[in-house]
Amino acid sequence: MRKTLLLTFATLLSTTANFAQDNCESAMPISGPGTYSVGVINGTQPSSFCAPNGAIPTVNIPAGEWYAYTPSQNFAVNITSDIALNNPRKDTRMHVFTGNCSNLTCLIGDDDSGSSYSSTVNFNVTAGTTYYIVWDNRWLNTTNNTGFSFQLTESTVLIPTTPITYTTQTVPTINSAYNICVVDMNGDYKDDIVGISAANMRIHYQTNTSGTYTVTDIPLSGTVLQPNWSMAAGDYNKDGFNDIVLGNGSGATILKSNSTGTAFSTYTPGQYIFSQRTNFSDLNNDGNLDVFVCHDIAPSCYYLNDGSSGLTFYQSTVTPGAMSIATTTGNYATLFTDFDNDGDSDVFVSKCSGPPCELYRNDTNGIYTNVSALAGINITPVQTWSSAIADFDNDGDMDVIITASSGAHNFFRNNFETTGTLSAFTNITAGSGWDTNTSTSTDNIAYDFDNDGRVDVLGGANKIMFNQGNNIFAAVTYTGLSVSAVGDLNNDGFIDFQNGSTIRYAVPNGNNWVKFNLRGVQSNRNGIGARIEIYGAFGKQIRDIRSGEGFRHMSTLNAHFGLGTATAVSQVVVIWPSGTVDVINNPTINQALTIIEGSSPLSVADNNLNSIKLYPNPSSDIITLSNTEMLNIKRISIISTLGNVIKEVTLSNSSFSVSELAQGVYILSIETTDGEKYSKNFIKK
């Protein structure tokens with residue numbers, strides 16, 4: 001529950017005129033939420049700058065204006081000068097102290113977390129305690145020290161005690177022109193750091209010793225368009241080593257590894273594309289990774305892989321036979337993930353420059369259908385450079401947080417788990433914490449940063465929006481932390497950040513975890529587009545393997561799951577793009593598991609039912625078998641992934657119903673009068 005009382009500017013002027021606020025003793029009382037005016041800053045300066053990480057001695061603080069806030073109950077509070085009333089924004093600086101005027105203690109402060117150097121802080125308050133809010137004129141001179149307004153909001157959803165902390169390491173050798181990629185580059189599944197310069201790729205290979213790297217420079221020849229917009233990785237030539245696509249304002253460059261990963265050839269196709277987000281994805285589900293390039297000022301483009309790493313250019317709505325994805329303009333970020341749980345990757349397109357966001361449903365065979373209006377995510381007005389997408393409520397389908405680079409954030413819940421079809425999402429922004437998040441976000445990534453079993457979001461203003469459960473998020477600010485490439489850079493099961501030459505390692509907080517490395521066989525080598533599901537006393541969690549999310553960076557291709565205090569995972573299900581399903585029961589936690597496609601098949605019988613076809617798969621109602629006349633069938637059974645017979649099947653016109661089954665993965669087992677057994681996997685949706 002939140003309450004925000006916005007006072008009219010005229011009321012504010014009359015209200016503040018009744019109070020002196022030039023020093024701590026005469027601080028203007030604030031009893032609740034509202035918008036308050038600050039006139040010319042000409043009062044007593046605070047004795048120290050209350051910086052985000054503690055007080056530092058006074059440095060050039062000529063004057064201050066003081067406010068005394070006493071909350072009526074425990075709240076999470078946001079104070080910001082980053083509001084529309086300040087147009088244009090001013091370069092403000094804020095301090096918050098506790099204690100009394102003769103003995104103040106720094107609590108929190110901020111200089112530039114808001115847009116255009118405005119200020120924003122978030123902190124918990126205790127009922128009846130007085131908090132002194134001070135604005136100084138460090139960056140305001142006689143020309144612009146003319147007043148501004150700030151807003152205070154209260155929320156009953158408290159900011160959690162910092163759920164994860166970080167240690168910082170500076171690695172001066174991370175000094176390429178573009179250091180925006182964390183991914184395994186030598187096939188050992190440990191995340192490495194990739195930097196790109198005009199004629200060089202520098203890789204920091206993770207060693208077996210925490211915080212140490214082996215640095216290797218790989219020369220690049222030919223035309224290398226620099227990744228001034230984005231970068232993505234994936235093994236599109238299936239040699240066991242990741243390749244790279246660089247997104248540039250003029251087009252794309254693909255860097256293809258040799259058979260040992262020790263050299264890369266350069267391919268710059270030459271088509272003009274004002275590239276934004278780049279991705280690797282298997283667009284036509286033929287087992288080969290294709291290259292997608294999001295085009296800002298025209299329909300988007302892709303390069304289709306012929307299976308021998310040859311690439312053919314297509315542009316949506318322009319090239320004959322092209323797939324229809326991101327068909328208009330303003331395309332800023334494409335994210336490939338499965339929204340309707342049918343085993344293939346759909347596409348969410350974040351839009352800037354005016355058009356609303358788009359959702360394209362993958363209807364197989366290269367057919368993508370724009371279902372933005374059906375899903376209800378095509379809202380206006382909002383501009384976004386990227387969106388955060390994950391199963392935030394752990395109900396088994398992917399939700400969307402459209403974060404605003406201009407406008408307001410919107411949180412949409414996917415209702416597939418209850419409707420069984422891709423239908424209208426529900427806007428659940430109100431009361432979620434995103435409604436009171438005033439920070440703009442041009443880039444966003446969604447991971448379980450504190451390993452508590454709920455996916456969080458790192459966006460703007462140096463803060464992580466931590467998922468509290470029940471679709472509620474609370475912000476925690478970290479000094480200097482911004483969206484960056486992420487991965488497990490010391491192999492301890494927690495997500496770390498690499499931003500330029502700075503690495504922030506998560507300090508393990510005692511929560512359990514498990515992570516997965518995939519190796520495709522029929523599917524693409526990375527398993528990009530695969531879904532991993534884990535089950536346990538905690539319920540269910542899902543992850544999709546993606547190459548390229550957020551707006552700019554490339555992050556790990558390994559799937560990370562936090563377990564919180566749970567001590568076991570009862571089952572892991574991997575649904576590969578090929579349709580193969582692998583099941584692992586009771587895996588050991590707090591370790592990385594490598595799963596090779598088909599190595600732990602779902603089938604409990606000989607999986608050689610090659611001539612018998614089962615369709616549609618997935619299905620919510622009726623499944624039909626073809627070519628059953630080839631067999632003398634004795635018994636047909638539906639078996640759970642735990643090996644239990646759920647139902648004996650009687651065919652009617654070669655069909656049977658699964659409508660009464662719970663959603664999930666099952667085995668259809670066929671036994672003949674000759675004693676032969678066959679099995680086929682299917683998904684009930």
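Reply: Contact means heavy atoms within 4.5 Å. This is a predicted model: local features need pLDDT of at least 70, side-chain atom pairs count only at pLDDT 80 or more, and totals for chains, interfaces and linings use all residues. Residues are numbered from 1 along each chain as its sequence is written, and side-chain values use heavy atoms, with hydrogens and water left out.

Me: Which residues does Phe516 touch, not counting residues up to four places away in sequence?

Reply: Phe516 is among the residues with the most contacts inside the largest nonpolar core, which has 53 residues. Such a core is a set of buried Ala, Val, Leu, Ile, Met, Phe, Trp, Tyr and Cys residues joined through side-chain atoms within 4.5 Å; buried means under 20% relative accessible area, exposed over 50%, partly exposed in between (1.4 Å probe, protein chains only). With sequence neighbours up to four places away set aside, Phe516 touches Ile532, Ile534, Asn558, Ala559, Phe561, Val572, Leu593 and Ile595.

Me: How many residues are in the second, separate core?

Reply: In soluble globular proteins, nonpolar side chains tend to be buried together. The second core includes Val121, Leu140, Phe148 and Phe150, and its count is 24 residues.

Me: Is Gln276 buried or exposed?

Reply: Gln276 is found in strand β22 (residues 275-281); strands (E, at least two residues) and helices (H or I, at least four) are DSSP runs, numbered from the N terminus. Beyond four places in sequence, its contacts are Trp229, Ser230, Cys294, Asp296, Asn331, Tyr332 and Phe551. Its relative accessible area is 0%, so Gln276 is buried.

Me: Why is one side of β48 and of β52 left without a neighbour in the sheet?

Reply: β48, β49 and β52 form an open antiparallel sheet in that order; two strands pair if DSSP finds at least two bridges between them. β48 (613-615) and β52 (655-657) stand at the edges, so each has a single partner strand.

Me: Which residue in β49 is the bridge partner of Tyr615?

Reply: β48 and β49 (residues 622-626) pair over three antiparallel bridges. In β49, the partner of Tyr615 is Thr624.

Me: Which residue of β33 is the bridge partner of Phe412?

Reply: An open antiparallel sheet has the order β30-β31-β32-β33. Phe412 in β32 stands opposite Val400, and β31 and β32 pair over three bridges. Two bridges join β32 to β33. In β33, the partner of Phe412 is Asn427.

Me: How far apart are the closest N and O atoms of Lys515 and Asp488?

Reply: A salt bridge is a side-chain nitrogen of Lys or Arg within 4 Å of a carboxyl oxygen of Asp or Glu. Lys515 sits in strand β41 (residues 512-519) and Asp488 in the loop between β38 (485-487) and β39 (496-499), 27 residues apart. Lys515 is buried at 2%, and Asp488 is buried at 1%. The closest N and O atoms of this salt bridge are separated by 2.8 Å.

Me: How many residues apart in sequence are the parts that Glu660 and Lys647 tie together?

Reply: Glu660 forms a salt bridge with Lys647, with the closest N and O atoms 2.6 Å apart. Glu660 is partly exposed, at 49% relative accessibility. Glu660 lies in the loop between β52 and β53 (664-672) and Lys647 in strand β51 (residues 645-648), so the parts tied together are apart in sequence by 13 residues.

Me: How many salt bridges does a search of the whole structure find?

Reply: Another one is Asp363 with Arg361, the closest N and O atoms being 2.7 Å apart. Asp363 is partly exposed at 29%, and Arg361 is partly exposed at 23%. The search of the whole structure finds 13.

Me: Which cysteine forms a disulfide with Cys24?

Reply: A disulfide is a pair of cysteine sulfur atoms within 2.5 Å, and the count comes to one. Cys24 is buried at 7% relative accessibility. With -80° about the S-S bond, the link is left-handed. The sulfur atoms are 2.0 Å apart, and the partner of Cys24 is Cys101.

Me: How far from Cys181 is the nearest cysteine sulfur?

Reply: Cys181 is buried, with a relative accessible area of 0%. Cys181 is in no disulfide; the nearest cysteine sulfur belongs to Cys294, at 18 Å.
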